[in-house]
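Me: I've got a structure here and I'd like to go through it with you. Can you take my questions one at a time?

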Amino acid sequence: MIKKAIYPGSFDPLTLGHMDIIERSSKIVNELVVGVLNNSAKNSLFSIEERVNMIKEMTSSLPNVTVGSFDGLLVDYMEEIGANIIIRGLRAVTDFEYELQIAQTNHVESPQVETIFLTTSLQYSYLSSTIVKEFASHGGDISKFVPASMVDRIYMKYKK
Ligand code: ADP
């Protein structure tokens with residue numbers, strides 16, 4: 001059976017923690033789709049097109065990884081693209097309760113859908129897109145948090 005998985009998220013912006021999950025999960029499944037959530041209710045720093053293009057650029061060396069965007073229900077998008085595995089990263093206990101709830105809901109909604117959790121690599125366990133934005137907005141050094149070619153693009157967003 002071909003294992004096609006989706007790694008859904010906001011990725012606003014993509015961090016090294018996300019990259020780590022993408023690289024590791026791409027070795028477990030046959031095909032991985034990074035699904036960027038187009039959540040109009042969230043005030044995002046990067047537009048959906050910018051996020052999709054940046055992730056395409058950052059994953060271009062991974063042959064079984066593609067990037068798409070979706071709005072609405074994740075399980076509907078998965079049906080559309082023929083994926084049945086959801087990949088999520090777990091950083092700390094704080095992620096757990098929420099992630100468990102979503103995973104169980106998705107499984108009830110679509111019994112063929114399974115969620116696989118990858119625990120974060122130790123060096124990224126503190127890292128989130130929110131922290132990156134907070135640091136960048138105050139001119140802090142974000143070079144240890146995001147892929148090198150993203151650093152200036154993130155700073156640019158805060159330049160008036
Ligand atoms: P969402 O808004 O759906 O939480 P994010 O872009 O913040 O989207 O995160 C997408 C996924 O990546 C989530 O499963 C999250 O737990 C995981 N993730 C985020 N940061 C890290 C990290 N530093 N290490 C491992 N997983 C992470």
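Me: Which backbone oxygen does the side chain of Ser25 reach?

Reply: This is a predicted model, where local features need pLDDT of at least 70, side-chain atom pairs count only at pLDDT 80 or more, and totals for chains, interfaces and linings use all residues. Residues are numbered from 1 along each chain as its sequence is written, and side-chain values use heavy atoms, with hydrogens and water left out. Ser25 is found in helix H1 (a DSSP run of H or I, at least four residues, numbered from the N terminus). At 2.7 Å, its side chain reaches the backbone oxygen of Ile21.

Me: Is Ser25 buried or exposed?

Reply: Buried means under 20% relative accessible area, exposed over 50%, and partly exposed in between (1.4 Å probe, protein chains only). Ser25 has a relative accessible area of 0%, so Ser25 is buried.

Me: What about Val93, buried or exposed?

Reply: Val93 lies in helix H4, residues 93-109. Its relative accessible area is 72%, so Val93 counts as exposed.

Me: Leaving aside neighbours within four places in sequence, which residues is Ser25 in contact with?

Reply: Contact means heavy atoms within 4.5 Å. With those neighbours left aside, Ser25 is in contact with Leu32, Ile87 and Leu118.

Me: And which residues does Ile22 touch, not counting those up to four places away in sequence?

Reply: The rule for touching is again heavy atoms within 4.5 Å. Beyond four places away in sequence, Ile22 touches Tyr7, Leu14, Leu32, Val34, Thr59, Leu62 and Val65.

Definitions and conventions:
Helices (H or I, at least four residues) and strands (E, at least two) are DSSP runs, numbered from the N terminus. A polar contact is a pair of N or O atoms within 3.5 Å; within protein, one must be able to donate a hydrogen and the other to accept it, and residues adjacent in sequence count only if both atoms are side-chain atoms.
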